[in-house]
Amino acid sequence: MPHINLPEGLPGITSAFAYRPETAKPMRELAEVLLRGPNTLTSAERETIAAFVSHRNECHFCMASHRAAAAHHQGGDYSVVDAVRADYQTAPISAKLKALLTIAGKVQIGGRRVTDADVAAARAEGATDTEIHDAVLIAAAFSMYNRYVDGLATFTPTDDAAYDPMGRRMAHEGYVRK
Amino acid sequence: MSTFLPGVEADLKPGTYATLVEGARRDGREYSKIWDLFAFAPETMHHLSHLTQGIMRQPTTISAGMRELIAAYTSYQNECRFCTKAHAAAASELLGDEALVWAALEDLESSALPERDKALLRFVGKVTTDLPGVVREDVAGVQAAGWDDEAIYFAISACALFNFYNRWITATGVPEMSPEAHRLQGKGLARGYVRD
């Protein structure tokens, strides 16, 4: 049960959005730019960073929905994002994305943990400063979304099947809907 | 001191923040290096400034000054010196008591802050440092201290927002400024967040 009196029948962040539509609009637009806007990192890579950080923050709603979005950017295949969740170092992803996930994992704990050596390691794998910045930005943003969702204790479906259509919409229709 | 990402500082997109940065650089003035981040990602910044304005300034049952104190308290816990000083200055401007603001940040329990406000800061402190441990009883404690649902919604939102800013700013290496520059910035922040 939510900690405060949020609208009923809506899962996760959507109930908090319905509580204060004025806040919802820029939060949705921000997600759209971060995860689906023009970028040299693919949307699948960016959704994977979002799911990874949410997993580390133990925010089930954000993890499960962005896991599904990452899968739907890859034809509905969950194997890569699930391999990242289990152990990103052995997952079938690029060395560049692994280096960016290392930075994202540190940002999840605290931004001060990111070192010059982490940044140099990402550059050595071919990451541009823009990509390093964007990985930081996404990890930081999900440190916000996760607290917004779980601080309010929004309704979290436990069945994985509930998230599949949600992820499909997030991937293909996006975060800003009429 | 520069940030970790010279490629970001060198790539300012035209707009309000690029103009501010270029003016300050030309005049050799001390300026907030967060402007470099804002100028690098103007579309992100457009949405963020409206989000920040909404969370921090929308009229509700919790004052703008108290929301700035939550921002400063969250930033202090996340060891983001830039944000701590910026929002302590804004809180001081709005609450009119700089000594009380810093006392609350440095040692909440021994500060002269009213118990009602302490209860809210203890709660957002837990949302920052132990999110999975937040339980219904924590919120019940805040409600018992006299805060309504709307205030709790805005307190959590402000706390969540600064968990974002703190990470963005510390991971990219934005340095703190002089006390005078932070005080001046605090007066600006007290007026609001939307420049475009």
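Visitor: Could we start with one residue: is A:Glu58 buried, partly exposed or exposed, and why?

Guide: Happy to! Please keep in mind that this is a predicted model. A:Glu58 counts as partly exposed, because it has 13 C-beta neighbours inside 10 Å. A residue would need 20 or more such neighbours to be buried, and 12 or fewer to be exposed. To find A:Glu58 in the picture, look at chain A and go to the loop between α3 (43–56) and α4 (60–72).

The contact between the chains takes 40 residues from chain A and 40 residues from chain B. On the chain A side, α2 (21–36), α7 (116–124) and α8 (129–151) each supply at least two residues. The most comes from α8(A), which gives 16 residues to the side that touches chain B. Sorted by class, that side of chain A holds 18 nonpolar, 13 polar and nine charged residues.

Now cross over to chain B, where two helices meet. Two packed helices are described by the angle between their axes and the distance between the axes. For helix α6 (residues 81–95) and helix α11 (residues 179–191) of chain B, the axes come within 7 Å and cross at roughly 60°. The two helices are therefore oblique to each other, and their crossing is right-handed. Among the residues that meet are B:Ala86, B:Ala89 and B:Leu94 from α6(B), and B:His182, B:Gly186 and B:Leu189 from α11(B). By class, this contact has six nonpolar, four polar and four charged residues.

And how confident is the predictor? The mean pLDDT of chain B is 93, and 97% of its residues reach 70 or more. For the complex, the predictor gives an ipTM of 0.95 and a pTM of 0.96.

Terms used: Residues numbered from 1 in each chain as written. Chains lettered and ligands numbered in written order. Predicted model: local features only at pLDDT ≥ 70, side-chain atom pairs only at ≥ 80, totals over all residues. Axes fitted to C-alpha atoms, helices over the stretch in contact; angles between N-to-C directions. Helix = DSSP H or I, 4+ residues; strand = E, 2+ residues; numbered from the N terminus. Parallel < 35°, antiparallel > 145°, perpendicular 65-115°, else oblique. Left-handed = near helix turned anticlockwise from the far one by under 90°. Contact = placed C-beta atoms within 7 Å. Nonpolar A, V, L, I, M, F, W, Y, C, P; charged D, E, K, R; others polar. pLDDT = per-residue confidence, 0-100.
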